[in-house]
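Me: I have a structure open and would like to learn how to read it. Could we go through it feature by feature?

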There are 2 protein chains.
Amino acid sequence: MFDASVYTARRDALRSKVKGGVILLPGHVDSPINNAANCYRFRQDSNFAYYFGIYKPGMVGVIDEGGRSIIYGDDVSLDDIVWTGPVPTVREQAEEVGVKTTRPLRDLPADLQVAIRKGQRMHIAPPYRAETVLQLSEWLGLMPTHVRNYASEELIAAIISMREVKSAGEIEELDRIAEVGYEMQTAAMRMAQPGEQENTIFGVLEGIAATGGNLTSFGSIISQHGETLHNDKHFDILREGRLLLVDCGVEAYSNYVTDNTRTIPVGGTFTPQQLDMYNLVLQAQEYGIAHSKSGVRYLDVHLGVCGVIVEGLRAMGLVRGDVKEAVEIGVQGLFFPHGLGHMMGLDCHDMESLGETLVGYSRDVARSKQFGLSALRCAKELKEGFVVTVEPGIYFIPELIDQWKAQGVMKGFINYDEVEKYRNFGGIRLEDDIVITAGGCRIIGKKRIPIAPADVTAEVQKGRFAGKK
Amino acid sequence: MFDASVYTARRDALRSKVKGGVILLPGHVDSPINNAANCYRFRQDSNFAYYFGIYKPGMVGVIDEGGRSIIYGDDVSLDDIVWTGPVPTVREQAEEVGVKTTRPLRDLPADLQVAIRKGQRMHIAPPYRAETVLQLSEWLGLMPTHVRNYASEELIAAIISMREVKSAGEIEELDRIAEVGYEMQTAAMRMAQPGEQENTIFGVLEGIAATGGNLTSFGSIISQHGETLHNDKHFDILREGRLLLVDCGVEAYSNYVTDNTRTIPVGGTFTPQQLDMYNLVLQAQEYGIAHSKSGVRYLDVHLGVCGVIVEGLRAMGLVRGDVKEAVEIGVQGLFFPHGLGHMMGLDCHDMESLGETLVGYSRDVARSKQFGLSALRCAKELKEGFVVTVEPGIYFIPELIDQWKAQGVMKGFINYDEVEKYRNFGGIRLEDDIVITAGGCRIIGKKRIPIAPADVTAEVQKGRFAGKK
Ligand SMILES: [Mn+2]
Ligand SMILES: [Mn+2]
């Protein structure tokens, strides 16, 4: 992906941040679907990709106490070439990322044991794939159940401090892959016609992601039930008058991703009720973008957005009372039960495997237990080079409304009779990805995915008049 | 997928085949991509799907010594419903497949330990996912490295004896999903135009598979280098005069799959050399279909097909000498270094996780060590209800030709000077899926994917005249 010097500099910086011991970063092996030889699309571990830049299965990266980088891996045999075609050697791949020492994988356990006997600490990140747990268990002589506890806080903190600030090269790659994300969202708009199947749109977006990248960055949400936040079902037929929530992204071969949400009126016409609510979410989202800049805590941007939402809902008669007080006690949780956004980069929820709270919070910003606010993934002070999503939403979740209403939750602030009128509304979410710049922030990608109601409607109309579904 | 009575009958039959002990069939959990919460598309274990018929993660099926079926699994909590929407309970799902007893997952280890203390054997299939290894290690108190050795030969044999014979209902599902396989292959033909990218075709096929099913059944091979048998690269631009090999399939939500290969002249015109070779592969494939019937060993069909290929290559001047003798010593290995086919059903390589040789061979048919023949996945006697692929091919693999030529392998039979003229030919493979019937066999699916040269060419031409890539 990048020049060898980039990876060398990253490894040197990591080595200088982690005092002593061996830094052990296993790359991914293939993940079997239904037998050992039939695997899911390969996807490299993001830490390995960041420091060792090789996108092939079965590699392990080590930075030893002396600062030397070593890649452990095995070459393909001549017999395998009939099946795989010619493949560069481990040595050739290592050279591309500035690593001069390579060894066969079978040497790794013994090499690590030598270091352990010298009293050197093994620094590992928390493993999240069972294959990695099994490898680390074997290599380090730990019980599988103990491997997670063995993760190094020092290594985790060092990686976060580096990966959270994106370089110009990384932002360029994010801008590049954003074009595929744009194509996915606008294709969904053109297909949002009555009679179309959610599943057909799902498939087309998979196809666009596979053409322009390696994978979707997560299971696409394509649903007329946007109120179910992580709805993985997409078997319904589109109906005029419903809103279709599309939350999807592509993952490049480099692992850099996109993550965008649009909410589309099926057939291209908003009802007045939908349009009012849409404009409120849009106002909240643009408030979020306008207030995201270096030195501001994302928690405060989130709370500001909550204020916009509560204010708007009050104007519509769904909420009453003092807005500031309402936001403080968490009235918005009924309508907006998730956070404003998360960091993004080599992962959609960037670095989440290192620990969501370690990534998104800091010594100065503690995680709240309040319903809704507790789901905020990124709360800490923004810095230049941070990439975050801005994704407020308003939802009417029947199960949640019933629960709160029955318990009389915040009934002084919530006009449940009025809320009932929206019971079958569904949900709206709008999400862009931004990078914090010297002056404030900007949206990733050359052009913003249509978001103004008229622009979304126009895109849907294009599909309608294309004369084919 | 099927009525409860089907699953109950399958479990009863399995119980009667496996004498004593506990049959333990863990369903799949989700497979993480880049953190525990972001997972690949869920795909159930095929044995669990066959006997317990539930397609949700986190379930475990047990048939106890008394023949009682139990499903272990946990219900979704009310807090989760905000994210997932309403989900049927474990009890409701169990009832759908005729299982009356359900328990929380945390009860499983203790229940198994009770049975173990009573001296009951635990019958497990060989685990192929690391998650399953970790689960079994914990539940059975075994070292992870020991779990695979613990697999039950008796259970494996019983499962194979049942799953290898497909019921009318299974064949109906295979016929249904074949329509999506047809759509994938013909879409590839229409897109096989000069200037098109392999990757764009790859993406479109992913999209069709995701629309009509749950997944592709394996990583699609879309390559102008068909001579690399499992070529997972698809980054080239299509060029007039090349052959594009497309080997792909869809996997239904039921896990039933398709697996078809076609080889397409880019732009729609075969060169005379290509056409001759294509017709030879087609003749071999149709020989294979014509000779597949109950009571015949698939090994013998494979060897018959090899005879057709060697005979044809002799007519072209690439091979010389006695055909029978040539086939016996394995001359065809240079051109056709793989087997005629494999069983297919709930897996593309059906039941391969139970052991390829256990599935495809029998006491009477041993596995050969001869290059090429050793790769034959299914060799045993065919029975009514078997579903197998018929997929001969002819390839010119430069690395293999160089190796054999340098070593003078079978130089009495192989005219290496003539072979050199095909060095940049690429490869041709043609694959259909058949079911063995009372009278012989038939191709799965309502209509056969175009295969006659004129029909393939016509399909390519349709794309050319569609006026868009
Ligand atoms: Mn997001
Ligand atoms: Mn096949």
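Reply: This is a predicted model. Take one glycine to begin with: leaving out residues up to four places away in sequence, B:G53 touches B:Y7, B:F48 and B:V97.

Me: Where in the chain does B:G53 lie?

Reply: B:G53 belongs to the loop between α2 (46-52) and β4 (60-63) of chain B.

Me: Is B:G53 buried or exposed?

Reply: Buried means under 20% relative accessible area. B:G53 has a relative accessible area of 10%, so it is buried. For a distance across the chain, take B:G53 and B:H234: they are 181 residues apart in sequence, and their C-alpha atoms are 35 Å apart in space.

Me: Which residues does B:G339 contact, apart from its neighbours within four places in sequence?

Reply: B:G339 is in contact with B:H302, B:G372, B:A375, B:L376 and B:E391, when neighbours within four places in sequence are left aside. B:G339 sits in the loop between α13 (323-329) and α14 (356-360) of chain B. With a relative accessible area of 7%, B:G339 is buried.

Me: How do I read a strand, and which way do the side chains of β16(B) point?

Reply: In a regular strand, side chains alternate between the two faces of the sheet. In β16(B), B:D432, B:I434 and B:I436 point one way, while B:D433 and B:V435 point the other way. Strand β16 covers residues 432-436 of chain B, and 5 of its 5 residues are buried.

Me: Which strands are joined to β16(B) by bridges?

Reply: One of them is β13 (residues 387-390) of chain B, which runs antiparallel to β16(B) and is joined to it by 4 bridges. Within that pairing, B:T389 stands opposite B:D433. Strand β17 (residues 441-443) of chain B is joined to β16(B) by 3 bridges, again antiparallel. Here B:I436 stands opposite B:C441.

Me: Now the metals. What coordinates the manganese ion (ligand 1)?

Reply: The manganese ion (ligand 1) is coordinated by A:D259 (OD), A:H342 (NE2), A:E391 (OE) and A:E431 (OE), at 2.1 to 2.3 Å. Along the chain these donors follow the spacing D-x82-H-x48-E-x39-E. A:H342 lies in the loop between α13 (323-329) and α14 (356-360) of chain A, and A:E391 in the loop between β13 (387-390) and β14 (393-395) of chain A, so the pair ties together parts that are 49 residues apart in sequence.

Me: What relative accessibility do A:H342 and A:E391 have?

Reply: A:H342 is at 5% and counts as buried. A:E391 is buried too, with a relative accessible area of 8%.

Me: What coordinates the manganese ion (ligand 2)?

Reply: The donors of the manganese ion (ligand 2) are B:D259 (OD), B:H342 (NE2), B:E391 (OE) and B:E431 (OE), at 2.1 to 2.3 Å. Two of these residues link distant parts of the chain: B:D259 is in the loop between β11 (250-251) and β12 (260-265) of chain B, and B:H342 is in the loop between α13 and α14 of chain B, 83 residues apart. Both B:D259 and B:H342 are buried.

Me: How do I describe a boundary between two parts, say the domains of chain A?

Reply: The size of an interface is often given as the accessible area lost when the parts come together. The domain assignment of chain A gives domain 1 (4-163) and domain 2 (168-465). Their contact takes 18 residues from domain 1 and 18 residues from domain 2. These two domains of chain A bury about 1500 Å² between them, 52% of it on carbon and sulfur atoms. There are 4 salt bridges between the two domains. The side chains of A:E251 and A:R43 meet in a salt bridge, at 2.8 Å from N to O.

Me: How much area is buried between chain B and chain A?

Reply: The area is about 5000 Å², of which carbon and sulfur atoms give 60%. B:Y40, B:V82 and B:W83 supply 15% of the area that chain B buries against chain A, more than any other three residues. The count of salt bridges between the chains is 2. The side chains of B:R41 and A:E206 meet in a salt bridge, at 3.1 Å from N to O.

Methods
Residues numbered from 1 in each chain as written. Chains lettered and ligands numbered in written order. Predicted model: local features only at pLDDT ≥ 70, side-chain atom pairs only at ≥ 80, totals over all residues. Heavy atoms only, no water. Donors = N, O, S within 2.8 Å, 3.2 Å for Na, K, Ca; no water. Helix = DSSP H or I, 4+ residues; strand = E, 2+ residues; numbered from the N terminus. Buried < 20%, exposed > 50% of the residue type's maximum accessible area, 1.4 Å probe, protein only. Pairing = 2+ DSSP bridges. Contact = heavy atoms within 4.5 Å. Domains from an automatic or database assignment. Buried area = accessible area lost by both parts, 1.4 Å probe.
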